[in-house]
Amino acid sequence: MHLSFMKTIRAEQLKLKRSPVWLAFFALPIISAFFGTFNYMANQGVLKSEWYSLWSQHTLFLCYLFMPALIGTYCSYLWRLEHLRNNWNSFLTAPVSRTSLYVGKLVWAAIMIAAGNIWIYLLYYLCGKLCGLPGTPPEESIGWIIGGILGGIVICCVQLTISMVIRSFAIPIGIGLAGGIGGLMITNKGLGTYYPYSLYCMGMHANNPQMELDIQAFLIGCLFHFLLFSVISVVCLRRHE
Amino acid sequence: MKTLLLEFYKIKRRNVWLTMFAMLSVQLLWGLWAFRDPKDWELQCGWMSLLYHLSLLDGIMVPTMMAVLASRLADIEHKGNTYKQLETLRSAGSLYHAKAICGCIIIMLLFAVQFVFFILLGYALGYEGNPDLKYYLLSYVLKIASNLSLFLLQLALSMFFANQMVPLVAGLGGSMAALLLMFVTTYSFLPWGGNLSAALVMSEWDETTRISTYFYRAFSSVETAAVVCIFVWIVVFYAAGRILFTRREA
């Protein structure tokens, strides 16, 4: 299991080699950071919580609307080769377990989420300093990033399942966007932990950096959706002809 | 005409309609959620607030929707590697033209459904009076125009790049640019700012009374130029896409 798992990660790495897909994770947070900082500077009369306010300006729309769709793009890309021509046959006849095949893709999606979140944090720090904010970002901001990575991995599981089942590259991205917008409504109702697309924003504290997050409920929500969609994916893969 | 009919035949069972209406249904659900339990002052200006919020919602969602639509129309040719074969049957230009018209018809129907639903919602909520037909029709026409320009941009990208990731990320970036533009300006010459420039209703938020005032926009000359720019983009994107496509080696 261990060896085959490493082989699939290596195989996925080869598939992604020289692909410009990471550029989207690099570019979109820059746009968000630029406008978020601009908005923060223009509304300092209302946004008085310094680093906290800047964080919400940087992440609110990115987390709710664009990251789910962006993760959807990445996951679609991870399945793109399999959907081309007869590649499913060679994919499924690889001498590794179906679970390993899935884990290989999930690991790369998780790596991209982690890298994307670290990039968002770096931009936040740089923009805060450029705005002349005193000191450093609050200590709990590290927790926001970790929460975001966990929530992001859950969205990866959902989108990997959708992109595996739907052959189209575009439709899962639309579902990601719709899911993110749905997350806005559901989080507002206080039901975010039951809805996978809300977990990323909740973990990131995008709506309100000073809110008290029920860590236990959040982690259970993440674990439940992670297991649910991973199991669905592996079962679908095992039944795939 | 035959080429156009064939385009519709190609998208049969490809769930293009379903995808578009699924994305539209998110807007409809949002409408049901956001406009529930209106207060008295909201009932008075309900029809104007509907137009205002539709512009915001479309500005955010539609660039990605158009990217998805264009990608669905184009990727069948990429997947089947059908360009050379199709060129032996009809000119590349007419194929491109058929795809553009097909997308345009879908857009017109999509937004007709959107308008009908929101107008019905307005009546169900008990908004005072009737929708101002002149403004609603004008808004519909401008919405078609601004979203057609985005669709043509996305179609050009989707037909040019076999890897659909590129146009879809462009659409996503466009959605983000559109959203962020809303915070800083009331018009934009960028293609993704079309929904913003074409918005007929503006709003002012009174912090003390916590009431929004809606009013029909008096277009300044620069704002009018931004609206005209939408039509310029349509011509530019159609021409550029067609030229790129006809000169493309399959």
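So, the contact between the two chains: 27 residues of chain A are in contact with 26 residues of chain B, where contact means that two C-beta atoms, placed from the backbone, lie within 7 Å. On the chain A side, helix H2 (22-42), helix H3 (51-83) and helix H7 (171-188) each supply at least two of the residues that touch chain B. By class, that side has 21 nonpolar, 6 polar and no charged residues. Here Ala, Val, Leu, Ile, Met, Phe, Trp, Tyr, Cys and Pro count as nonpolar, Asp, Glu, Lys and Arg as charged, and the others, Gly among them, as polar.

A word on what you're looking at. This is a predicted model, where local features need pLDDT of at least 70 and side-chain atom pairs count only at pLDDT 80 or more, while totals for chains, interfaces and linings use all residues. Residues are numbered from 1 along each chain as its sequence is written, and chains are lettered from A and ligands numbered from 1 in the order in which they are written.

Now, chain A by itself. Chain A has 9 helices and 0 strands; helices (H or I, at least four residues) and strands (E, at least two) are DSSP runs, numbered from the N terminus. Its radius of gyration is 19 Å, close to the 18 Å that the globule rule gives for 241 residues, so chain A is as compact as a globular protein of that length. For the record, that radius is taken over C-alpha atoms, and the rule is 2.2 Å times the number of residues to the power 0.38. The C-alpha trace of chain A spans about 60 × 35 × 30 Å along its principal axes.

Chain B has 10 helices and 2 strands, and its pattern along the sequence is α-α-α-α-α-α-α-α-α-β-β-α. Its C-alpha trace spans about 65 × 35 × 30 Å along the principal axes.

Of the 122 residues in the largest nonpolar core, A:Phe66, A:Leu70, A:Ala109 and A:Cys156 touch the most other members. A nonpolar core is a set of buried Ala, Val, Leu, Ile, Met, Phe, Trp, Tyr and Cys residues joined through C-beta atoms within 7 Å. The largest share of this core, 17 residues, comes from helix H4 (residues 46-80) of chain B. Beyond four places in sequence, the contacts of A:Cys156 include A:Ile71, A:Cys75 and A:Leu106.

Last stop, A:Val103, in helix H5 of chain A. Is A:Val103 buried or exposed? A:Val103 is buried, with 22 other C-beta atoms within 10 Å; 20 or more count as buried, 12 or fewer as exposed, and in between as partly exposed, with C-beta atoms placed from the backbone. A:Val103 touches A:Phe5 and A:Thr8, leaving out residues up to four places away in sequence. A:Thr8 is 95 residues from A:Val103 in sequence, yet 7.8 Å away in space, C-alpha to C-alpha.
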